[in-house]
Amino acid sequence: MNYKMYINGEFVNAMSGKTRSIINPATEEVIGTVPESQPEDVALAVTAARTAFDSGTWRNTSAQERGKLLLKLSALIKQHATELAELEVNNNGKPKREAEFDIDDAANCFEYYAGMATKIMGQTLSVPDTNSFSYVVKEPIGVCVQIVPWNYPLLMGVWKLAPGLAAGNTLILKPSELTPLTALKLAELIHEVGFPKGVVNIISGDGATAGNALINNSLIDKIAFTGGTLTGKKIMEAASKNMKKVTLELGGKNPAIIFDDCDMDIALDWGLFAAFANSGQVCSAGSRILIDEKIYDEYAARFIAKSKEIKIGFGLDEGIQMGPLVSALQYEKVKNYIQAGINEGAKLSSGGERPAPLSKGYFLLPTIFENVTEDMRIVKEEIFGPVVVLMKFSTEEEAIRMANNTEYGLAAGIFTQNLSRAHRVLPQLRCGITWVNYFHPTFNEQPWGGYKQSGTGRELGTYGMEAYLETKQVNINLSNEPAGWY
């Protein structure tokens, strides 16, 4: 199937005629062709968004009307949920049960921000000058570029589109060149809803060409990016040239801390989900599992045994719990990390190979390392695959130190039946997202983002809306008399 981009309310090909073939990572077959946008296509999208914003077409639309359109879009996503979920499975590889959850959450995200559109509030302030009527208003930032990764192709796009639209901005969304299909399908639903021309533009293309053209365009007011930390740093550097606003949601090397007073069954179930959901291709993946030495042997043995029961295969097949990695390149990257772990002396306790009898697709068994040290690459670096390290600790203090011993600070999980311990440990974890007795649940109402090199700013909740608003102070002189300064 041939897909088109969405620019200024029209479905278009790249002006150069260049295209890209999109691969199903489970079958290695071509499932679609998309335009490969070049700088001239990017310029067209930016101009459309700039014109739509500067003309007031969208920012002067009432908050109630903006909210109604978002509600209509939410309803359309729900109507097309089956189609979108299957498209996500075919393009990204994740199991259908995970894709269905993502599509439902995307619809709910638009619904949440539809309500938030009418909740943008300022302040009235008492200032020393009694003749001044002083207040604060919130206004849309302007033209916003939104670049999203391949691990949650539709959902990550919606996390950015929904608050951006609710706040009155105009947008250019660029999905990953590997997984653009659900975003381009979403463009059809956006068009059906009837958003004004130029308000939402969705283009396909790679980071080196389309992405760079977007982040370096002087007509852009804000960049929102989710992806790798190295790319995030380059975006921040590019944005500094004309002081674009920036929101960055970057990588993580996240700990799950298993205390000896945990419910073992709960800690095992969520520990496996922390490590292997979406084949470990999650920025918040629990890729370091820290286990109290008193229960280490039991937990590790059961964890390894249960990991071998995970059903791997094509995501649309019945009962599949884990799909392939997203691409051949990602597969090789993860395999290289596994070899690095072996070379550095870690014990490969399970996995590390392609599951039999799958001969096609970028499949990899759940991979578990033990006997690791904190200076190993597999412990320090974000792998973004189904690879987890199991590590021992002896005291609560040591667990906290180990959890924080990373350049990242995105997420962490704690497993304990002692609420005093949970409340004691949580404030000491240097990260932006925490869970107690589960891992990964994400709520549209809660802020998402991290400390340290896991990014800057927050998405979702009221914080996500704030990230798409400027703050302006207004002072009105109520006096009828001259001040007498001169």
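Salt bridges come up 25 times in a search of the whole structure, a salt bridge being a side-chain nitrogen of Lys or Arg within 4 Å of a carboxyl oxygen of Asp or Glu. The model is a predicted one, so local features need pLDDT of at least 70 and side-chain atom pairs count only at pLDDT 80 or more, while totals for chains, interfaces and linings use all residues. Residues are numbered from 1 along each chain as its sequence is written, and side-chain values use heavy atoms, with hydrogens and water left out.

One of the salt bridges joins Glu470 to Lys245, with the closest N and O atoms 3.7 Å apart. This pair links distant parts of the chain, since Glu470 sits in strand 22 and Lys245 in strand 11, 225 residues apart. Helices (H or I, at least four residues) and strands (E, at least two) are DSSP runs, numbered from the N terminus. Glu470 counts as partly exposed because its relative accessibility is 29%, and Lys245 counts as partly exposed at 38%. The cut-offs here are under 20% relative accessible area for buried, over 50% for exposed, and partly exposed in between (1.4 Å probe, protein chains only).

Asp265 and Arg302 meet through their side chains in another salt bridge, at 2.6 Å from N to O. Asp265 belongs to helix 9 (residues 264–276) and Arg302 to helix 10 (residues 296–307), so the pair ties together parts that are 37 residues apart in sequence. Arg302 has a relative accessible area of 30%, which means partly exposed. Then there is Arg401, which forms a salt bridge with Glu374, the closest N and O atoms being 2.8 Å apart. Arg401 lies in helix 13 (residues 396–404), and Glu374 in the loop between strand 15 (367–370) and helix 12 (377–380), so this pair ties together parts that are 27 residues apart in sequence. Both ends are partly exposed: Arg401 has a relative accessible area of 42%, and Glu374 has a relative accessibility of 25%. Beyond these pairs, a network of salt bridges links Asp260, Asp261, Asp292, Lys294, Glu396, Arg421 and Arg424.

Now for the inside. In soluble globular proteins, nonpolar side chains tend to be buried together. The largest nonpolar core here has 98 residues, and Tyr113 and Phe303 have the most contacts inside it. A nonpolar core is a set of buried Ala, Val, Leu, Ile, Met, Phe, Trp, Tyr and Cys residues joined through side-chain atoms within 4.5 Å. Helix 4 (residues 96–116) gives the most to this core, with 10 residues. Leaving aside neighbours within four places in sequence, Tyr113 is in contact (heavy atoms within 4.5 Å) with residues including Leu70, Pro163, Leu460 and Met465. A second, separate core has 30 residues, among them Ile257, Ile383, Ile414 and Cys431.

Helix 8 (residues 229–239) also has a buried side, with Thr229, Gly232, Ile235, Ala238 and Ala239 all buried. These buried residues pack against helix 7 (207–215), strand 10 (222–226), strand 11 and strand 17 (408–409). Within strand 11 (residues 245–249) is Thr247, which counts as buried because its relative accessibility is 7%. The side chain of Thr247 makes a polar contact with the side chain of Lys222, at 2.4 Å. A polar contact is a pair of N or O atoms within 3.5 Å; within protein, one must be able to donate a hydrogen and the other to accept it, and residues adjacent in sequence count only if both atoms are side-chain atoms. Not counting residues up to four places away in sequence, Thr247 also touches others, including Phe225, Thr456, Arg458 and Ala467.

Buried residues turn up in a loop too. Phe439 is in the loop between strand 19 (433–436) and strand 20 (451–452), and Phe439 counts as buried because its relative accessible area is 0%. Beyond neighbours within four places in sequence, the contacts of Phe439 include Pro255, Trp270, Phe273 and Ala412. Phe439 and Met1 are 438 residues apart in sequence and 37 Å apart in space, C-alpha to C-alpha.

Arg50 is buried, with a relative accessible area of 15%. Setting aside neighbours within four places in sequence, Arg50 is in contact with Val143, Leu219 and Asp221.
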